[in-house]
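This briefing concerns cores, helix packing, a sheet and an interface. The sequence and structure come first, followed by the points grouped by topic.

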Amino acid sequence: MTDNNDCAMLKPDRDVGIVGYGAYVPRYRLPAIEVERIWTDGKGGTPIKEKSVPGLDEDVATMSIEAARNAMARAGGVNPALIRAVWVGSESHPYAVKPTSTIVAETIGATPHTQAADWEFACKAGTEALQAAIGFVGSGMARYAMAIGMDTAQARPGDALEYTAGAGGAAYLVGPADEALSVFEGSFSYVTDTPDFWRRAHQHYPSHGGRFTGEPAYFKHSLGAARGLMEALGTKPADYTYAVFHQPNAKFPQSAAKQLGFSREQIGPGLLANDIGNTYAGSSIIGLSAVLDVAAPGDRVLLVSYGSGAGSDAFSLRVTKAILERQKRAPQTQDYVARRKEVDYGTYVRFVRKLRV
Amino acid sequence: MRDVAIIGVGQIEVGEHWDTSLRHLSLGAVQAAIADAGVAQADALYVGNMLSGELAGQEHLGALVADFAGLRGIEAVKIEAACGSGAAALRMGYVAVAGGLADVVIVAGVEKMTDLLGHDTTAALALAADGEYEAFLGLSFVAVNALLMRRYMHEYGYSRQDFAPFAINAHKNAVNNPYAMFGFPVTAERFASAKMICDPISLLDSSPICDGAAAVVLAPADMARSLSAAPVRIAASAIGTDSLAVHDRRDPMVLDGAIISTRRAYEQAGVGPEDIYLFELHDAFSVMAALSLEGAGFAEKGQGLRLALDGEIGIDGRIPVNTMGGLKARGHPVGATGMYQIVEVVQQLRGLAGQNQVKDARLGMAQNIGGSGATVVTHILERME
């Protein structure tokens with residue numbers, strides 16, 4: 001571990017940014033009180049209002065395609081043959097062996113001269129792909145690279161996670177800074193071997209360490225990455241218009257923001273957990289897409305992911321003038337949040353195939 | 001028999017020490033006690049611990065802690081008596097010094113509980129109950145205490161809410177204890193709405209799962225004055241036992257182990273309950289606080305709870321109880337708890353308890369209970385003038 005955060009900050013040789021972005025959230029919602037009704041007789045409290053649930057014909061491949069197409073629409077006129085990487089981070093890839101990424105790459109026309117691979121790092125697989133995309137484009141190996149974080153999160157019936165495990169995510173087309181709607185000022189990672197949440201091969205539902213998932217896991221890594229990046233950049237919370245954190249529930253990101261010195265106003269637009277739940281690998285980056293939907297040129301945004309196991313990636317972005325014309329080119333994140341059809345617990349069990357006979 | 005004195009105390013903050021291993025927890029307390037005592041070497045080390053094998057994958061703590069504390073070579077063993085392990089270790093240290101077999105003895109209590117998931121910890125704690133006749137039938141340790149609390153309410157006509165003063169008192173006292181896990185107050189309203197754990201035991205009737213370590217250094221009393229500016233004499237050290245299973249007891253509402261242990265302690269010290277300035281009791285669950293007050297002679301049968309309801313357990317009350325937060329609010333790292341109690345009584349007798357100081361405290365009692373009452377260890381400490 002380096003003590004010198006200037007050395008630890010990630011910054012490519014040439015400036016890169018986000019050329020296009022897009023979100024996707026399934027339309028179905030399971031109110032947390034439904035889970036509470038089934039499992040705790042309606043007592044015990046709920047960590048969020050409701051979570052998103054994928055439809056019967058939706059999975060991480062179809063949802064990633066939706067988000068990628070929105071990103072391509074925002075980028076506007078980018079030749080897909082120049083996209084040299086399509087990377088999808090998720091905990092719920094439809095196949096154990098066979099990439100989701102090739103399916104997505106095919107549908108946006110990036111094949112055949114492209115990298116395609118699936119990433120796994122619990123809830124930060126999406127930002128891990130984003131870090132790699134920044135490096136790929138920043139080194140000049142690629143003009144464009146697409147990074148996606150998307151999940152149809154699994155939770156054991158009756159577990160605390162079942163209230164929040166949601167579905168959704170976002171796609172980012174990374175490209176040269178002069179084409180970008182938002183430029184990366186730097187990024188910073190904080191990773192240790194901390195087993196707070198895991199799912200072993202052939203297991204259907206994840207396990208977790210209860211209270212161990214909080215302070216020594218989520219907070220240590222999220223705050224470590226955020227503080228490291230701000231120290232390296234010489235920025236402070238007041239320098240940012242918005243901040244987005246990984247949001248496994250409504251409480252953790254608000255507590256992290258408070259500990260760092262961010263206000264409710266700064267984190268409000270990117271805080272979606274109460275309405276769609278924890279979309280795992282999509283959680284922090286769909287918060288970013290919601291922020292970009294409302295951002296103005298010159299705004300600065302801090303993005304901090306968290307993945308169990310454990311690690312955090314922090315990114316500092318500055319929004320450019322190009323944002324204004326691109327915001328409206330695709331459905332906004334809040335459009336998806338508002339597109340809502342409530343289901344009961346039984347329907348949810350059917351949709352996510354919890355009944356196995 | 002020689003008189004034995006405590007010449008140094010040390011403790012670490014009770015809490016969830018995610019980044020600290022069992023041996024490091026021990027080291028923190030042992031080093032603090034050695035520094036407080038101002039000694040460089042010791043003849044023996046006794047480590048009180050209940051569940052290191054189950055919860056931390058480590059037994060053989062005597063040699064481990066001795067070596068890690070830089071005391072390689074000295075006599076060192078682990079002492080186990082369920083949640084009463086800490087005070088049981090002190091009893092062994094006392095025996096060694098009183099019997100003239102050792103001069104300077106270190107006694108530590110340590111427990112590391114947070115490395116496993118809740119159900120594993122619950123299963124491990126049930127080892128304190130009767131394995132064949134209680135745990136085998138599915139009774140967790142909290143369930144055993146829930147049966148006792150329900151019976152107490154039934155026998156004497158109390159409500160669940162009547163137990164609130166124990167939690168309120170513990171949390172109030174913990175506010176001024178920097179080593180406490182829960183340094184915040186709670187109200188009767190919060191008690192009433194607390195999450196149910198095992199009816200009628202709610203979260204606020206229960207001590208927390210946590211990590212901690214506390215230690216003392218012992219020396220013969222005649223040497224103590226030259227070694228320490230504020231030595232405290234162990235006026236009594238006694239262990240009493242009872243059946244492990246509640247159903248085997250003479251009366252489930254009476255802690256015979258506490259009666260035996262306390263009677264011996266009073267006889268050794270030549271005092272009675274009316275002479276005790278403060279009582280650090282074993283409130284693992286609030287019903288145990290009521291039963292302890294009765295077993296130790298501070299209240300008649302069924303009246304322990306009445307003492308709390310009448311406001312007699314506060315710092316200025318008739319018998320101040322759990323003056324630094326007790327198991328409920330300081331925390332209950334099981335095998336370390338008995339040593340925390342001793343450290344806290346020493347703080348009181350030295351006049352170093354800050355805002356929680358019991359006025360003119362001269363004699364203090366600590367009672368550490370293993371299981372639901374099968375091992376009861378009582379110590380009476382006295383300020384050396």
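At what angle do helix α4 (residues 85-98) of chain B and α14(B) pack, and how many Å apart are their axes? The angle is about 65° and the axes are 5 Å apart. The model is predicted, so to speak, under set limits: local features need pLDDT of at least 70, side-chain atom pairs count only at pLDDT 80 or more, and totals for chains, interfaces and linings use all residues. Residues are numbered from 1 along each chain as its sequence is written, while chains are lettered from A and ligands numbered from 1 in the order in which they are written.

**Helix packing in chain B**

- Helices (H or I, at least four residues) and strands (E, at least two) are DSSP runs numbered from the N terminus; axes are lines fitted to C-alpha atoms, for helices over the stretch in contact, with angles from 0 to 180 degrees between N-to-C directions.
- Ser85(B), Gly86(B), Ala87(B) and Leu90(B) of α4(B) meet residues of α14(B) including Gly335(B), Met339(B) and Ile342(B), contact being C-beta atoms, placed from the backbone, within 7 Å.

**Nonpolar cores**

- The largest nonpolar core has 150 residues, and Leu45(B), Val105(B) and Met339(B) are among those with the most contacts inside it.
- Such a core joins buried Ala, Val, Leu, Ile, Met, Phe, Trp, Tyr and Cys residues through C-beta atoms within 7 Å, buried meaning 20 or more other C-beta atoms within 10 Å of the residue's own.
- Helix α14 (residues 334-349) of chain B gives this core its largest share, nine residues.
- Leaving aside neighbours within four places in sequence, Leu45(B) is in contact with residues including Gly62(B), Leu71(B) and Ile106(B).
- Another core, of 119 residues, lies apart from it and includes Ala23(A) and Tyr190(A).

**Sheet of chain A**

- An open sheet of nine strands runs β5-β4-β6-β7-β1-β8-β13-β12-β11 (chain A) with mixed pairing, where pairing requires at least two DSSP bridges.
- Because β5 (115-119) and β11 (242-245) of chain A stand at the edges with a single partner strand each, one side of each has no neighbour in the sheet.
- The twist averages 20° from one strand to the next.
- Strands β1 (residues 16-24) and β8 (residues 182-194) of chain A pair in the antiparallel sense over two bridges, and Ser182(A) is the bridge partner of Ile18(A).

**Interface**

- Five residues of chain B are in contact with six residues of chain A.

Note on methods:
A residue is buried if 20 or more other C-beta atoms lie within 10 Å of its own, exposed if 12 or fewer, and partly exposed in between; C-beta atoms are placed from the backbone. Two residues are in contact if their C-beta atoms, placed from the backbone, lie within 7 Å.
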